[in-house]
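Good morning, everyone. Please have the sequence and the model open, and let's walk through them together.

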Amino acid sequence: MNVRQWLLLAGIALLSGDLFAANAGLNAITVTPTANGGQTYSLSIQVLLMMTALSLLPGALMMMTSFARIVIVLSILRQALGTAQTPSNQLLIGLALFLTFFIMAPVFDKVYKDAIQPYLEDEISGEQAFDIGKKPLHKFMLAQTRDDDLNLFARISGNTQIATPADVPFSLLMPAFATSELKTAFQIGFLLFIPFLIIDLVVSSVLMSMGMMMLSPMIISLPFKIMLFVLVDGWNLVMGTLASSFFI
């Protein structure tokens with residue numbers, strides 16, 4: 001068999017493979033109407049939508065749950081203590097994740113029972129599961145969002161004809177919720193910073209009065225701040241305050 005015949009066979013094989021793949025793709029992408037007027041998608045479309053949702057999951061976890069407030073407060077607390085990288089970033093994120101799962105557990109349970117479980121049992125369609133599943137999250141986010149922030153983004157978007165809080169769209173609620181969480185996190189962080197700032201001021205004044213201007217006040221104040229934080233059971237207070245600051 002010469003080179004021309006080999007090339008001819010290779011071209012036929014590639015062409016047949018492309019046609020087979022095209023036919024398989026066309027057969028896999030199907031949309032079937034249901035009896036109640038909805039639509040069901042083929043398995044390949046469901047997998048594609050699932051992978052797209054998973055790629056957006058980290059952003060949703062950070063900005064649509066309690067994670068942002070918790071991790072900001074913990075970062076400000078570490079800065080106030082002056083312990084540099086202790087606890088480390090990985091540890092702070094781990095604490096924030098575990099506390100987020102604890103706070104969001106009632107919301108996640110309701111989403112699973114009302115939307116995901118019926119969908120997996122083929123009792124409702126994907127669109128119905130999405131509409132039902134977003135209601136508990138919408139309620140949680142709305143409870144944490146300030147009216148001023150909602151009014152701000154409603155005015156910017158021109159959507160001022162909202163009759164009830166349940167009618168607030170996610171496109172308006174998400175930026176308002178993120179703004180409210182940032183504001184609340186910095187307010188809590190400010191209150192945490194005050195006692196440690198007072199210790200720094202006292203230590204700095206004492207060192208200045210003793211003429212020890214070359215000695216860094218941070219070195220002297222650090223053990224006192226750690227001792228104060230341990231004596232008042234600071235981690236218990238911080239975690240308890242963060243968990244109770246959310247309205248569910």
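Start with one residue. Asp148 is exposed, because its relative accessible area is 58%. You will find Asp148 in helix α6. Now look across from Asp148 to Ala176. Along the chain, these two residues are 28 residues apart.

One caution before we go on. This is a predicted model. Keep that in mind for every number I give.

Let's step back to the whole chain. How many helices and strands does the protein chain have? There are nine helices and two strands. Read along the sequence, the pattern is α-β-β-α-α-α-α-α-α-α-α. The chain has 248 residues, and 29% of them count as buried.

Now the charged pairs. Side chains of opposite charge can pair when their charged atoms come close. This structure holds four salt bridges. I will show you three of them, one after another.

Here is one. Glu181 pairs with Arg69, and their closest N and O atoms are 2.6 Å apart. Glu181 sits in helix α7 and Arg69 in helix α3, residues 67–81, so the pair ties together parts that are 112 residues apart in sequence. Buried or exposed, these two, Glu181 and Arg69? Both are buried.

Here is another. Lys183 makes a salt bridge with Asp149, with 3.6 Å between the closest N and O atoms. This pair also links distant parts of the chain. Lys183 is in helix α7, Asp149 is in helix α6, residues 147–157, and they are 34 residues apart. Check the surroundings of each partner. Lys183 counts as partly exposed, because its relative accessibility is 34%. Asp149 is buried, because its relative accessible area is 4%.

And one more. Asp200 forms a salt bridge with Lys225. The closest N and O atoms are 3.3 Å apart. Asp200 lies in helix α7 and Lys225 in helix α8, so the pair ties together parts 25 residues apart in sequence. Why does Asp200 count as buried? Because its relative accessibility is 15%, and the cut-off for buried is under 20%. Lys225 is buried too, with a relative accessible area of 1%.

Stay on helix α7. Find Ser205 there. Ser205 counts as partly exposed, because its relative accessibility is 48%. From Ser205, look over to Pro217. The two are twelve residues apart in sequence. C-alpha to C-alpha, they are 9.1 Å apart in space.

Next, the surface. There is a nonpolar patch here, with about 940 Å² of accessible area together. Its members include Phe190, Leu191, Ile194, Ile198 and Met210. Which helix gives the most to this patch? Helix α7, residues 170–209, with six residues. Take Phe190 as an example. Phe190 lies in helix α7. At 54% relative accessibility, Phe190 counts as exposed, because exposed means over 50%.

Now the empty space. Rolling a probe the size of a water molecule over the atoms shows where empty space is left. Let's visit the second largest pocket. About 280 Å³ of space lies in it. The second largest pocket is lined by 13 residues. The closest to its centre are Leu192, Pro195, Phe229, Leu237 and Val238. Which elements give two or more residues to this lining? They are α7, α8 (217–231) and α9 (234–244). Helix α7 gives the most to the lining, with five residues. What kinds of residue are these? The lining divides into eleven nonpolar, two polar and no charged.

One last stop, in a loop. Asp233 is in the loop between α8 and α9. Check its backbone. Asp233 has a positive phi of about 55 degrees, although it is not a glycine. Asp233 is partly exposed, because its relative accessible area is 41%.

To finish, back to helix α7. It gives the most to the nonpolar patch. It also gives the most to the lining of the second largest pocket. And it holds Glu181, Lys183 and Asp200. Trace helix α7 yourself on the model. Thank you.

How values were computed. Residues are numbered from 1 along each chain as its sequence is written. This is a predicted model: local features need pLDDT of at least 70, side-chain atom pairs count only at pLDDT 80 or more; totals for chains, interfaces and linings use all residues. Side-chain values use heavy atoms; hydrogens and water are left out. Patches are made of residues with over 30% relative accessible area and no salt bridge: like charges are joined within 9 Å, nonpolar side chains (Val, Leu, Ile, Met, Phe, Trp, Tyr) within 5 Å. Accessible areas come from the Shrake-Rupley method with a 1.4 Å probe; for residues, only the protein chains shown count as cover. A salt bridge is a side-chain nitrogen of Lys or Arg within 4 Å of a carboxyl oxygen of Asp or Glu. Helices (H or I, at least four residues) and strands (E, at least two) are DSSP runs, numbered from the N terminus. Buried means under 20% relative accessible area, exposed over 50%, partly exposed in between (1.4 Å probe, protein chains only). On a 1 Å grid over the protein atoms alone, a cavity is a set of points where a 1.4 Å probe fits but cannot get out, and a pocket is an open set with protein on both sides within 12 Å along at least five of seven lines; lining residues have an atom within 4 Å of a point. Grid points are joined across faces, edges and corners, and a volume is the space filled by probe spheres set on the points. Ala, Val, Leu, Ile, Met, Phe, Trp, Tyr, Cys and Pro count as nonpolar, Asp, Glu, Lys and Arg as charged, and the others, Gly among them, as polar.
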